[in-house]
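Here are my notes from going through the model.

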Amino acid sequence: MPNTIAVIPARMASTRFPGKPLAPILGIPMIGHVWKRTAMALGSDKTFVATCDKEIFDYIESVGGRAVMTGDHHERCSDRTAEAMLKIEKTLGRAEIVVMVQGDEPLVTPDMIQEALKPFSSGPEILVTNLMAGLGSRKEHDDPNEVKVVVDLMGRALYFSREPIPSWKKGALDVPMYKQVCVIPFRRDFLLAFNGLSPTPLEQVESVDMLRVLEHGYPVHMVRTTARTVSVDTRADLEAAERFMVEDALFPIYKDELT
């Protein structure tokens, strides 16, 4: 997509896992994996880490990446992403699409980013997309750290929840079950509009940003990926990501650059 940038919001003060952006996976800070793998899709000149922490900023700059300092007042990743985008535009010019990649997605791949961007080519009515992946187990379905999503027959999100949805009570094995994967491209103007919308009740109850989009009446187009992903919310998740990284095809390509 033309005029596309990627912004990776990251901060040290995670409630569930303080300091996780710099937690090592096979000797490389997690944020380094996310930055490098995202840059493989869009280029290092179009990929930025947005942070309020100098430790993260200094690390990304030390490995040849681009980082943007933001305020420390942001409660939502999208707010930090928007602040960074406006700073980036002062030198790169106006963006059209901003891909927000959460800093706790160390197994993100270039293909995943391209999958998430593909719907935008169909027309200006696409405002925001999310990746989703199949739930791998009943344990994952029950895990409140995994955001579940259910979609309509056109692939648009109906609801996001940290609770187990859909229900297992009747025919659950015949219904696709998905989790949100936090690769979230926005049209530039919609990102700013989204941040200007008032917070909504379900968004606050579930602590899921995309519910603000739905509650204000906008569609969220979901894109399925078959890639293996691990969102790192806990140390157990970090250990799982490290096990998968050992067998990862991309890791050998860049590991010597970041160690």
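**Notes on the model**

1. Leaving out neighbours up to four places away in sequence, E146 is in contact with E140, S161, R162 and K179, where contact means heavy atoms within 4.5 Å. E146 sits in the loop between α5 (138-142) and β8 (148-151); helices here are DSSP runs of H or I with at least four residues, strands are E runs of at least two, and both are numbered from the N terminus. With a relative accessible area of 11%, E146 is buried (buried is under 20% relative accessible area, exposed over 50%, partly exposed in between, using a 1.4 Å probe and protein chains only).

2. Some housekeeping before going further. This is a predicted model, in which local features need pLDDT of at least 70 and side-chain atom pairs count only at pLDDT 80 or more, while totals for chains, interfaces and linings use all residues. Residues are numbered from 1 along each chain as its sequence is written, and side-chain values use heavy atoms, with hydrogens and water left out.

3. Now the helix pairs. Two packed helices are described by the angle between their axes and the distance between the axes. Helix α1 (residues 30-42) packs on helix α4 (residues 110-117) at about 55°, and their axes are 8 Å apart. Axes are lines fitted to C-alpha atoms, for helices over the stretch in contact, and angles run from 0 to 180 degrees between N-to-C directions. α1 and α4 are therefore oblique to each other (under 35 degrees is roughly parallel, over 145 roughly antiparallel, 65 to 115 roughly perpendicular, and the rest oblique).

4. The α1 and α4 crossing is right-handed; that label applies if the near helix is turned clockwise from the far one by less than a right angle, and left-handed if anticlockwise. On the α1 side the contact uses R37, T38, M40, A41 and L42, and on the α4 side P110, I113, Q114 and L117. By class, the residues of this contact are 6 nonpolar, 2 polar and 1 charged (Ala, Val, Leu, Ile, Met, Phe, Trp, Tyr, Cys and Pro are nonpolar, Asp, Glu, Lys and Arg charged, and the others, Gly among them, polar).

5. What is the angle between α3 and α6? Helix α3 (residues 77-92) and helix α6 (residues 188-196) pack at about 135°, with axes 10 Å apart. α3 and α6 are therefore oblique to each other, and their crossing is left-handed. S78, D79, T81, A82, M85, L86 and E89 of α3 meet R188, L191, L192, F194 and N195 of α6. That contact has 6 nonpolar, 3 polar and 3 charged residues.

6. On to the cores. The largest nonpolar core has 46 residues, and I31, W35, V99, V101, I113 and V183 have the most contacts inside it. A nonpolar core here is a set of buried Ala, Val, Leu, Ile, Met, Phe, Trp, Tyr and Cys residues joined through side-chain atoms within 4.5 Å. The elements that each supply at least two residues of this core include β1 (4-10), β6 (97-101) and α9 (235-246). The largest share, 7 residues, comes from α1. A second, separate core of 32 residues includes V7, A82, A95 and F194.

7. L42 is worth a click. This residue lies in helix α1 and is buried at 18% relative accessibility. L42 and T4 are 38 residues apart along the chain, with their C-alpha atoms separated by 7.7 Å. Beyond four places in sequence, L42 touches T4, I5, A6, T47, V99, Q114 and L117.

8. M222, in strand β12 (residues 221-224), is buried at 8% relative accessibility. Beyond four places in sequence, its contacts include N130, M132, V149 and F160.

9. Finally, the backbone. Most residues other than glycine have a negative phi, and most peptide bonds are trans. A cis peptide bond joins I165 and P166, with omega about -5°. L26, not a glycine, has a positive phi of about 50° and is partly exposed at 30% relative accessibility. S207, in the loop between α7 (201-206) and α8 (210-215), has a positive phi near 55°. S207 is also partly exposed, at 36% relative accessibility.
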